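Subject: Structure for your review

Dear colleague,

Please find below the structure that I am handing over to you.

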Amino acid sequence: MSSITFAIFLLVAFTHHTPSLAFSTGGKMSATSAAADTSHVTQQSAFRLGYVTDVEGHLDYFEQFVAHSNVLDKVEETSTSDRLDLRLREGCFFVYGGDSVDKGPGDIRLCRALVSLKKRYPDRVFLLVGNRDLNKLRFSAELSNEDMERSIDEIPAPHWDPNAPTLRAYLEEVAKTKGLATAEDANTRVERLRYMLRHTLGCPDTFEFRRQELAILNGNCDVEAISDDQVVENFVHEVEHPEGSLRQYLENANVAAIVGNTLFVHGAVDANTMKYVPREDTRFERPLSRPPGKICDDVEDWVDALNDYLKAGLRGYRSRPLWDENRTTRGGEALLALQNRAAVWGRSIISNCYGDGGCITTDHALQYLNDPDRSELEEKDPLVFENVSSNPRDPKVAAWLKDDGIRRVVVGHKPTGDCPAVLSAAYTGVEIVSGDTSYSDTSADDNRGLALPNIEIVGESKADNQLEISGRLSDGRKYHSVFNRLHGDEIDKTVGDSNLGIETRDGYWIKAHTSKHYRLCRGKGREVEHNDVPKLSIAHMRPTS
């Protein structure tokens, strides 16, 4: 997930009691959460897939999701405060969209629960790697004794963020705060890790979250009993040890997965990422020219090649987790590059993203993407891709996907408000679903508040189905949205609500369906505006074509 804080501006304010949740159960919708058209939603669907993404260590949030899921159950008999056991319902599928760690005190337990689920249902559970999962491979080399012995001036600032402070600048501030004589006096593994988390990984609170979780895993001991050094050792252990929780997650995950007519990745399938697989010797650096790669014309071949790339990168990491003598390469380098836009010259299937202003796309995002001054620099500077949002309505990308039977792409990575953002298949024939809601309510301690989405794909088969999104908005109101059925090359508008996932004449996107209103959203950058429109008033807002 990208580190974004949304400023929420409500155009229409409502006062509500927090309602009880009335999520979809087995395809049956409650009267208070029914979508516009329920006539074709069966009581028991032959195919059902559940999806959640970017939980980022918020275990309480994940357990809320499980409690309202139609595909997962918590095994109450064996689950404890230090262990979560899950069960997959008969015949169902589950996809976790990546970014399992960093923003809450449940990283270890979440990874363990997901890996256990994957191992018990290997053909029906898919785990995807996100940037927050892959970038922890850095810990082995960058917190090693060998790196600690180097001059702090030999440690470069992050190549993708010219505004980040150098390690020396950070340590000078630490030394000043602690009353130490020099930056070198503050140069400990603890401060190296704090620097990485705060200034290169976008998660300044993660160190203390890990201390809290270790206290829980050590018999709910006092948090103060967990030392700084224990926290550092655990961060390295969880990714470096073969049985570490994050290491196991990576070993059992994919870069991409196809289930029937739906493709799942963490980032975005766009004009830059489609067909492209980096070379296995790609470096985690700011390259001087566009790195070469392999082109796969077939979607399934492309997915297989990306997943093989992950396996090769992990083999490299296992054999050589530390730097070479000149501190130029290390095992796993290619995977660090895969999740870094600059390293792959704007072609990261992990970190490229849809979304802007809480919507799946906006005119503002497209103007920046197509800005001629920015575009001119694409052949010269890989950093010009850093703030770009991909175009979900790209007809060339959609045609490539449709030719190989893909009718839906489901992603995470970039927050898109307090409910998932969707592009209707009516635009290109391919439905785009962005499911990261990790910045639903920035006034809440966890930035999520009451918001909770339940994303499911439901239908007659893997290739004949519709998207259903039920849940709770940041103000507590329930919603249940059923989108049009996708099967073969067809869009069946007799199933679901054709208003959903459409941009209105005045730039709002119709995102969700509450009991009385449509939830509309428009925005720009980090600004998000919401509007609620009565069902009967939406027709005049739709575009004429």
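Strand 20 and strand 21 (residues 527-534) run antiparallel and are joined by 8 bridges; two strands count as paired if DSSP finds at least two bridges between them. Helices (H or I, at least four residues) and strands (E, at least two) are DSSP runs, numbered from the N terminus. Within this pair, G523 stands opposite V528 in strand 21. The two strands form a hairpin with 2 residues between them, and G525 in that turn has a positive phi of about 60 degrees.

Please note that this is a predicted model: local features need pLDDT of at least 70, side-chain atom pairs count only at pLDDT 80 or more, and totals for chains, interfaces and linings use all residues. Residues are numbered from 1 along each chain as its sequence is written, and side-chain values use heavy atoms, with hydrogens and water left out.

Strand 20 (residues 517-524) also runs antiparallel to strand 19 (residues 509-513), to which 4 bridges join it. Here W509 stands opposite C521 in strand 20. A hairpin of 3 residues links strand 19 to strand 20.

I turn next to helix 8. Helix 8 (residues 206-217) has 12 residues. From first C-alpha to last, helix 8 reaches 16 Å, close to the 16 Å expected at 1.5 Å a residue; the expected span is 1.5 Å times one less than the number of residues. Its buried residues (under 20% relative accessible area, with exposed over 50% and partly exposed in between; 1.4 Å probe, protein chains only) are T206, F207, F209, R210, R211, E213, L214 and A215. Their cover includes helix 2 (107-120), helix 7 (189-200) and helix 9 (228-240), where contact means heavy atoms within 4.5 Å. Just after helix 8, G219 takes a positive phi of about 75 degrees.

Finally, the chain as a whole. Its secondary structure comes to 15 helices and 21 strands, and 60% of its 545 residues count as buried. Among contacts between residues at least 6 apart in sequence, 67% join residues at least 24 apart. The C-alpha trace spans about 70 × 55 × 45 Å along its principal axes.

Yours sincerely
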